[in-house]
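Colleague: I am new to this structure and would like a guided reading. Please take me through it feature by feature.
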Amino acid sequence: MKRILIVGSVVLVAGVLLAAWLLLSNLNSLVASAIEQEGSRVAGTSVRVGSVSIDLRAGSGTIRGLRVANPDGFSRGDAFTLGEITLALDTGSLNSSPIVVQRIRVAEPVANYEVDSQARSNFGALQSNVARYNAAAEPAEGEPAKLVIRDLAIEKGSVHADFSAVDPNQQPLHAKLGTVRRRNLGAPSGATPDQISQQVLAAFTGAVVKAVSADQAALQLQRQIGGEAGKAAGGLLRKVLD
């Protein structure tokens with residue numbers, strides 16, 4: 001009987017170790033699939049990831065090439081792409097609530113702002129999709145996971161805006177995206193991932209709209225004045241509104 005128990009214990013431990021090894025060896029692909037599947041449901045459009053690299057021991061991770069397609073009713077391109085996302089976790093908080101993310105950096109995002117013939121924007125449609133998903137989502141059983149993000153920065157971005165659907169004579173606009181910085185999202189007691197995602201999307205969308213509005217205003221001023229003086233005035237206005 002003792003031998004049977006010993007053999008059974010060894011088999012059980014081996015099975016647990018094998019399952020853990022399989023989980024860790026496939027962790028990157030599992031995280032990528034989770035981002036694509038859940039992200040697509042929340043955004044109401046296709047979300048794709050280029051690659052994921054997670055180091056649980058170091059509490060760090062890198063996500064590259066995240067692409068969010070335009071919602072229905074807009075062009076077939078991407079609404080925005082995120083070049084590289086790096087994050088650092090407080091590993092001591094992984095078994096507690098809230099889970100603390102010390103730092104998230106989003107580098108070189110590219111936003112493709114588009115307006116349709118009814119003057120609706122693709123970013124507004126994405127926000128509506130997220131709000132609709134959250135309103136229809138059923139409450140999770142038990143205590144939902146909660147997060148706190150200590151420092152979020154979205155840096156070195158750019159915006160391309162297309163208004164041709166409402167004004168065929170207007171040329172596309174190209175603008176730099178100012179740094180988006182948020183601290184202590186969800187603090188002190190934590191917020192659900194859905195709540196955090198809404199806050200981040202709202203911050204990013206707000207920065208995109210601000211950049212497009214500033215560039216439009218500067219372009220109009222430049223046209224009104226004309227010549228080199230117009231260019232100088234437009235550049236000054238961009239700096240003031242940035």
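Colleague: What volume does the largest pocket have?

Modeller: About 1600 Å³. Bear in mind that this is a predicted model. Of the 41 residues that line the largest pocket, Ile35, Ile63, Leu66, Pro193 and Ser197 are the closest to its centre.

Colleague: Which element gives the most to the lining of the largest pocket?

Modeller: Helix α2 does, with eight residues. Other elements join in. Among those that supply at least two lining residues each are β2 (51-55), β3 (60-69), β5 (99-114), α3 (122-136) and β6 (147-155). β4 and α4 are also on that list.

Colleague: How many nonpolar, polar and charged residues are in that lining?

Modeller: The lining has 34 nonpolar residues, four polar and three charged.

Colleague: Now the overall layout. How many helices and strands are in the chain?

Modeller: Five helices and nine strands. Read from the N terminus, the order is α-α-β-β-β-β-β-α-β-β-β-β-α-α.

Colleague: What share of the contacts joins residues 24 or more positions apart?

Modeller: Take the contacts with a separation of 6 or more. Residues 24 or more positions apart account for 62% of them. As for burial, the chain has 242 residues, and 33% of them count as buried.

Colleague: Which residues have the most contacts inside the largest nonpolar core?

Modeller: Phe80, Tyr113, Val159, Phe204 and Val208. That core has 39 residues. Helix α4 (residues 193-225) gives the most to this core, seven residues. Follow Phe204 to see the packing. Leaving out residues up to four places away in sequence, Phe204 touches Phe80, Pro109, Ala111, Phe123, Ile154 and Leu177.

Colleague: Which residues does alanine 211 touch?

Modeller: Alanine 211 is another residue of helix α4. Its relative accessibility is 11%, so alanine 211 counts as buried. Beyond residues up to four places away in sequence, alanine 211 touches Val159, Ala175, Lys176 and Leu177. Look at glycine 178 too. It is 33 residues from alanine 211 along the chain, yet their C-alpha atoms are separated by 7.4 Å.

Colleague: How many aromatic pairs are there?

Modeller: The count is five. Take tyrosine 113 and phenylalanine 123. Their rings are stacked, 6.1 Å centre to centre, with 20 degrees between the planes. An angle under 30 degrees counts as stacked.

Colleague: Why does that pair tie together parts that are 10 residues apart in sequence?

Modeller: Because tyrosine 113 lies in strand β5 and phenylalanine 123 lies in helix α3. Both residues are buried. They also belong to one aromatic cluster, formed by Phe80, Tyr113, Phe123, Phe163 and Phe204.

Colleague: Where is serine 93?

Modeller: In the loop between β4 and β5. Serine 93 has 4% relative accessibility, so it counts as buried. Apart from residues up to four places away in sequence, serine 93 touches Pro98, Ile99 and Val100.

Colleague: Which residues does the cis peptide bond with omega of about 5 degrees join?

Modeller: Serine 97 and proline 98. Proline 98 is found in the loop between β4 and β5. Another bond, from alanine 187 to proline 188, is cis with omega near 0 degrees. Proline 188 lies in the loop between β9 (180-185) and α4.

Notes: Residues numbered from 1 in each chain as written. Predicted model: local features only at pLDDT ≥ 70, side-chain atom pairs only at ≥ 80, totals over all residues. Heavy atoms only, no water. Core = buried A, V, L, I, M, F, W, Y, C linked by side-chain atoms within 4.5 Å. Buried < 20%, exposed > 50% of the residue type's maximum accessible area, 1.4 Å probe, protein only. Helix = DSSP H or I, 4+ residues; strand = E, 2+ residues; numbered from the N terminus. Contact = heavy atoms within 4.5 Å. 1 Å grid on protein atoms, 1.4 Å probe; cavity = no way out; pocket = protein on both sides within 12 Å on 5 of 7 lines; lining within 4 Å. Points joined across faces, edges and corners; volume = space filled by probe spheres on them. Nonpolar A, V, L, I, M, F, W, Y, C, P; charged D, E, K, R; others polar. Phe/Tyr/Trp six-rings, centres within 6.5 Å; stacked < 30°, edge-to-face > 60°.
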